[in-house]
Amino acid sequence: MPVQDPELATRAPESDAAEDRQDSPALSAIAAPTPPPEQPQLCDNCVSDRPTPAGSGAPKGELTTLGGIDVYITKPPSYPSTPARLLLFLTGGTGLKSINNQLQADLFSTEGNYVVVMPDLFSGDPAPNSQVKEDDPNIQSGEDGGGFIGMFKLKAVETAKSFMIDMWLARHTEDKILPIIHKVLDAAKEEFADAVGNGGGVYAAGYCIGGRYVLLLGQQRGRKGEDVEQGEVKEGPYIKAGAVAHATMVSKQDFVGLKAPVSLVNVESDPMFPDEVRVAGEDEMRKGGVEHEVQVYPGVPHGFAVVGEYEDDNIKEAQKTAYGQMLKWLQDH
């Protein structure tokens, strides 16, 4: 499926399955309905976890509620006797209960001295796991030795997977996710007022889907006042600084009005965050005088920066470097 809107960083690597569907009348007849062309999609690394690295241990934080929203909170071992800062951690589609996301939050907490609050952005409805059925032996090695029938089954799975992700995205739009973030943010400012005061504000780190919301929180937006005399009311930015790794569904407009300093971890030739969107974003930040840094990592997959096991040593090293980039940026601000 070709990208319909070059400004939207949404094309999944697997989306060419849709093109193959159109060439097969038999497969089209049994396939799920095709979503509208503008419907965004995600890649496997946005909606499923890599294996957890051996020896990682159990997450150190706790699942609780804050502002009526389910959250994972992890604190430095010496807190509150030793002052800390507050970090809002916004996840990709794997969500709140992902062990890898929790371990990533723990790293920021223990190594960066942050009270980390990770909200459930998806209200208990994480993205469909897009890898489970692809490992089905009935698909990988059918009686035909992986020939036409095996390929037919795999295409059917890819079609169903794409449709499920599209439906999931339709349930979790900006007007649903932003209010969740603001509820948690308001409650966290009250609950951890000492950490907010110590850091001079709230910091934010975001991965994949969560990365876009770091940009939105860093914007200053105007809205009409309650009366004519009040005029336009400025709102935001809501964070002091942000760090973003391989964001998805980002448009050029998301950089307009950005005020908070941001660090971007990008993947080279990433269809989920196209170069034209990144370059336009850099231009907008320069024009607006926004302090920023952008690092593009070659030879790594989308989603590489989240805790997860890889066999490739180059990806492992890039993973460490990206985390170091994000942590240093937050600590320096």
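Q: Over which ring does the charged end of Arg85 sit?
A: A charge counts as sitting over a ring if NZ of Lys or CZ of Arg is within 6 Å of the ring centre and within 35 degrees of the ring normal. In this predicted model, where local features need pLDDT of at least 70, side-chain atom pairs need 80 or more, and totals for chains, interfaces and linings use all residues, the charged end of Arg85 lies over the ring of Tyr203, 4.6 Å from its centre. Residues are numbered from 1 along each chain as its sequence is written, and side-chain values use heavy atoms, leaving out hydrogens and water. A second case is Arg212, which lies over the face of Tyr213 at 5.7 Å from the ring centre.

Q: How many aromatic pairs does the structure hold?
A: The structure holds five aromatic pairs, a pair being two rings of Phe, Tyr or Trp (its six-membered ring) with centres within 6.5 Å. One aromatic cluster is formed by Phe89, Phe108, Tyr207 and Tyr323.

Q: At what angle do helix H7 and helix H9 pack?
A: Two packed helices are described by the angle between their axes and the distance between the axes. Helix H7 (residues 174-191) packs against helix H9 (residues 209-217) at about 70 degrees, with the axes 11 Å apart, which means that H7 is roughly perpendicular to H9 (a word kept for angles of 65 to 115 degrees). Helices here are DSSP runs of H or I with at least four residues, strands are E runs of at least two, and both are numbered from the N terminus. Axes are lines fitted to C-alpha atoms, for helices over the stretch in contact, and angles run from 0 to 180 degrees between N-to-C directions.

Q: Which residues of H7 and H9 meet?
A: Glu174, Ile177, Leu178, Ile181 and His182 of H7 meet Arg212, Tyr213, Leu216 and Leu217 of H9, where contact means heavy atoms within 4.5 Å. The residues of this contact of H7 with H9 divide into six nonpolar, one polar and two charged (Ala, Val, Leu, Ile, Met, Phe, Trp, Tyr, Cys and Pro are nonpolar, Asp, Glu, Lys and Arg charged, and the others, Gly among them, polar).

Q: How do the axes of H4 and H11 cross?
A: The axes of helix H4 (residues 99-112) and helix H11 (residues 313-332) come within 11 Å and cross at roughly 50 degrees, so H4 is oblique to H11. Gln104, Leu107, Phe108, Glu111 and Gly112 of H4 make the contact with Tyr323, Met326, Leu327, Leu330 and Gln331 of H11.

Q: Which residues does a cis peptide bond join?
A: Most residues other than glycine have a negative phi, and most peptide bonds are trans. Here a cis peptide bond joins Tyr79 and Pro80, with omega about 10 degrees, and another joins Gly236 and Pro237, with omega about -5 degrees. Pro80 is in the loop between strand E2 (69-74) and strand E3 (85-90), while Pro237 lies in the loop between strand E7 (232-235) and strand E8 (241-245). Asn113, although not a glycine, has a positive phi of about 65 degrees.

Conventions:
Parallel < 35°, antiparallel > 145°, perpendicular 65-115°, else oblique. Phe/Tyr/Trp six-rings, centres within 6.5 Å; stacked < 30°, edge-to-face > 60°.
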